[in-house]
Amino acid sequence: MQDRNAPLENGTTTSTPTAGGQEERFAHLLEAVRRRITKQQFTTWFQRTTLVTWRGADLVIGVPNLFYQQWFQRHFRGMLAEVAGELAASTVQVSFSLEPAGPRAGVSDPAALEPVRNVPPATGAEAPAAGVHAVGALTPIAPTPFHGTGSGDRPLLLGQHYTFENFIVGPSNHMAYASARAVAQEPGRAYNPLFIHGPVGLGKTHLLHAVCHEFLSRCPSERVCFLSCEEFINEFLLALKLNDVDRFRQRFRDVHLLVIDDIHFLAGKERTQEEFFHLFNRLYQQHRQIVISSDAAPSEIPTLEDRLVSRFKWGLVANLEQPEMETRMAILRRKAELQGVEVPADVVELIAANFRSNIREIEGALLSVVARSRITQAPIDLALAQQALAPSLHRARPAITMDQILERVAAHYQVKPSDLRSKKRTRLISLARQVVMVLARRLTPLSLGEIGQHFGGRDHTTVLYGISKVETAMEANPRFQAEINRLADRLA
Ligand code: ADP
Ligand code: MG
């Protein structure tokens with residue numbers, strides 16, 4: 001590494017005081033950048049940057065938060081490498097580290113240097129905290145009566161927007177989507193039962209409603225029964241109490257499609273499990289379609305009887321995973337469209353980058369932004385979104401530790417965490433170690449030197465080298481890039 005930097009070291013780090021030379025070069029860099037982009041872009045993005053280090057071919061720029069870091073990686077890295085390369089007359093590797101902006105940025109207006117974190121929190125009324133909104137928060141997603149046939153004496157309630165058309169498909173949910181669709185098109189034949197599981201807020205209920213919508217549009221006269229598991233339990237217990245179990249059973253007699261949401265609530269309810277078991281068998285023998293959702297795979301639901309677990313596995317078990325960045329962005333665009341609001345791309349990215357694990361929270365964030373725009377009568381832009389989301393963006397996230405990263409990466413490459421800390425240099429271990437470095441850089445506020453400490457005191461140039469190797473490989477290989485992004489997503 002040092003060798004190829006040699007020509008550069010002369011004019012800067014050796015013959016002039018290190019910091020001064022770097023700072024001056026960085027100021028020139030900012031000047032050159034300023035000429036290349038719009039004033040607004042420069043103010044939004046570059047006023048908060050700092051110089052961390054520019055030694056030889058490695059330029060590390062400090063940015064105030066994770067969102068900036070991802071944005072810079074994606075949008076400015078190429079341009080910065082080019083401009084820096086011109087200034088240095090040699091190749092420069094640019095990376096971004098999380099640093100609250102300080103006075104070193106060379107920007108005269110101190111207010112502009114305030115880290116984003118310090119944006120005053122908006123009041124609750126103006127910006128409802130993201131994540132507190134129920135399904136119906138983004139009107140009119142709230143369930144509205146559907147004209148289809150409900151079983152028994154009640155109308156069937158389906159969310160009108162919970163359709164397949166409004167379900168954004170990505171690698172994380174493709175399997176569940178495709179099987180749900182197949183089931184709606186060939187009920188009782190494609191997969192029976194269909195069991196969809198995944199953590200809260202990832203679209204289980206949406207898919208279940210979509211199955212009903214599509215089924216009813218094909219077979220409007222057939223009977224559909226959609227129940228939450230709690231409803232099933234309560235109604236059964238009531239029937240027991242009223243000594244009216246026959247009528248309870250009657251309800252399901254001619255049902256062609258039975259959909260039960262959140263079946264994990266059956267855990268520990270022995271009598272109801274028994275009842276459900278018999279209902280399942282009856283419908284199954286008649287080739288009626290059964291669709292079930294749960295927050296866990298069948299065998300992972302505690303105290304679910306084995307015979308039910310095995311029934312659930314007869315058909316197809318599909319799971320929903322955390323959606324990737326692209327899918328989250330597409331979902332946001334669709335939700336905005338359903339709301340009839342225009343949301344600029346950078347705002348979509350801001351939300352998608354910061355809310356990862358639960359689509360309901362993503363919707364809540366969008367709603368906060370829309371609400372703020374309506375109240376202040378200002379158009380939706382990045383600054384407005386940052387203000388609207390300030391309370392939730394800066395709610396302290398549990399910090400990601402080096403140990404967590406080491407463990408996750410070690411498990412991914414099937415090596416031991418202790419191997420990563422050791423001096424071993426097999427290809428796989430070296431690769432895994434470099435991946436840890438990249439993730440640590442992205443997800444923790446640790447400096448390069450501090451990261452090196454976790455690998456038997458390797459110095460910061462080794463860490464930089466590791467990072468740039470992985471990043472180059474990521475650029476060359478989209479599959480590798482997706483793999484690393486997935487690892488990062490799971491950790492964050
Ligand atoms: P779950 O039942 O798994 O807790 P929901 O089905 O209630 O989750 O989904 C929460 C919200 O996220 C709903 O508003 C739903 O429309 C939305 N959502 C989840 N996944 C998607 C997706 N892939 N495309 C569009 N909207 C989605
Ligand atoms: Mg649900």
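S293 counts as buried because its relative accessibility is 0%, and the cut-off for buried is under 20%. Keep in mind that we're looking at a predicted model here. S293 sits in strand β9, which spans residues 289–294 and has the highest confidence in the protein chain, with a mean pLDDT of 98. Leaving out residues up to four places away in sequence, S293 touches I196, K204 and L208, plus the run I260, D261, D262 and I263.

The other serine to look at is S368, which is part of helix α13, residues 359–376. S368 has a relative accessibility of 0%, so this residue counts as buried too. Its C-alpha atom is 8.3 Å from that of A385, and 17 residues separate the pair along the chain.

Helix α13 also brings us to the ligand: along with α6 (204–218) and α11 (325–339), α13 supplies at least two residues of the shell around ligand 1. That shell has 18 residues, and the closest are G201, H206, K335, R360 and E363. By type, the shell splits into eight nonpolar, six polar and four charged residues.

| Residue | Protein atom | Ligand 1 atom | Distance |
|---|---|---|---|
| N173 | side-chain N or O | nitrogen | 3.3 Å |
| G201 | polar backbone atom | oxygen | 2.6 Å |
| T205 | polar side-chain atom | oxygen | 2.8 Å |

And how much of ligand 1 does the protein bury? On its own, ligand 1 exposes 560 Å², and the protein buries 98% of that.

Now for the confidence picture. The protein chain has a mean pLDDT of 82, with 83% of its residues at 70 or more. At the other end from β9, strand β4 (residues 143–145) has the lowest confidence, at a mean of 35. Residues 1–17 have pLDDT below 50, and this stretch makes 27 contacts in the model beyond near neighbours in sequence. Residues 101–153 likewise stay under 50, and the model gives them 112 contacts beyond four places in sequence.

Definitions and conventions: Residues numbered from 1 in each chain as written. Chains lettered and ligands numbered in written order. Predicted model: local features only at pLDDT ≥ 70, side-chain atom pairs only at ≥ 80, totals over all residues. Heavy atoms only, no water. Helix = DSSP H or I, 4+ residues; strand = E, 2+ residues; numbered from the N terminus. Buried < 20%, exposed > 50% of the residue type's maximum accessible area, 1.4 Å probe, protein only. pLDDT = per-residue confidence, 0-100. Contact = heavy atoms within 4.5 Å. Near = heavy atom within 4 Å. Polar contact = N/O pair within 3.5 Å; in protein donor to acceptor, adjacent residues only side chain to side chain. Areas by Shrake-Rupley, 256 points an atom, 1.4 Å probe, with all protein chains shown as cover. Nonpolar A, V, L, I, M, F, W, Y, C, P; charged D, E, K, R; others polar.
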